[in-house]
Amino acid sequence: QFELAKIIDKYDKIYRFRRIYVDSTGLGDALVDCCKHVNATLPIYPINFKEFKTPLYKNLEKQFEFRLINLSLCDEWHRFKLIDQLQAQYWEHGKDHDSPERIRAIAPNDDYPDSLALAVACQDRGYEYTVIPDEFLSG
């Protein structure tokens with residue numbers, strides 16, 4: 001994670017990011033700490049991805065339904081890894097109609113679909129900036 005923090009800092013110096021969001025569930029808090037150690041001025045914001053995940057995946061599902069995502073642009077290894085992780089995703093519906101639906105995965109990793117869902121959500125806004133609401137920020 002320390003090496004990743006250095007890479008984030010390197011790209012921030014090139015692109016001057018306005019905000020950098022990091023999933024704070026799991027090991028994400030450690031990455032935020034490493035980034036602050038590498039460069040205290042990095043505009044890094046931890047988010048609780050679990051609360052934000054369902055609308056992102058609903059949007060991703062819509063994009064696939066309308067055939068707006070072209071996976072053939074990925075190299076073969078990454079495409080198969082993404083497809084494999086996407087196939088392990090499923091919707092969990094509560095026992096009653098009032099329970100919110102949630103996205104779940106039977107595979108141990110879902111980093112590729114999560115990244116795709118975030119990228120699609122950002123691109124969906126067009127040329128506007130996408131700002132994650134403060135209620136999803138943790139810490």
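This is a predicted model: local features need pLDDT of at least 70, side-chain atom pairs count only at pLDDT 80 or more; totals for chains, interfaces and linings use all residues.
The chain's secondary structure comes to five helices and four strands, where helices (H or I, at least four residues) and strands (E, at least two) are DSSP runs numbered from the N terminus. Residues are numbered from 1 along each chain as its sequence is written, and side-chain values use heavy atoms, leaving out hydrogens and water.

**The chain as a whole**

- Of the 139 residues in the chain, 30% are buried; buried means under 20% relative accessible area, exposed means over 50%, and partly exposed lies in between (1.4 Å probe, protein chains only).
- The chain exposes about 9,900 Å², and carbon and sulfur atoms supply 54% of that area. Accessible areas come from the Shrake-Rupley method with a 1.4 Å probe, and for residues only the protein chains shown count as cover.
- Take the contacts (heavy atoms within 4.5 Å) between residues at least 6 apart in sequence: 66% of them join residues at least 24 apart.

- Searching the whole structure turns up seven salt bridges, each being a side-chain nitrogen of Lys or Arg within 4 Å of a carboxyl oxygen of Asp or Glu.
- One of them pairs lysine 53 with aspartate 114, with 3.5 Å between the closest N and O atoms. Because lysine 53 sits in helix 3 (residues 49–65) and aspartate 114 in helix 5 (residues 111–124), this pair ties together parts that are 61 residues apart in sequence.
- Lysine 53 and aspartate 114 are both buried.

**A link from helix to loop**

- Lysine 58 and glutamate 101 form a salt bridge through their side chains, at 2.9 Å from N to O. Lysine 58 belongs to helix 3, while glutamate 101 is in the loop between strand 3 (89–92) and strand 4 (102–105), so the pair links distant parts of the chain, 43 residues apart.
- Lysine 58 is partly exposed, at 39% relative accessible area, and glutamate 101 is partly exposed at 25%.

**A link between strands**

- Arginine 104 makes a salt bridge with glutamate 92, and their closest N and O atoms are 3.4 Å apart. Here arginine 104 in strand 4 is linked to glutamate 92 in strand 3, 12 residues apart.
- Arginine 104 is partly exposed, with a relative accessible area of 31%, and glutamate 92 is partly exposed with 27%.
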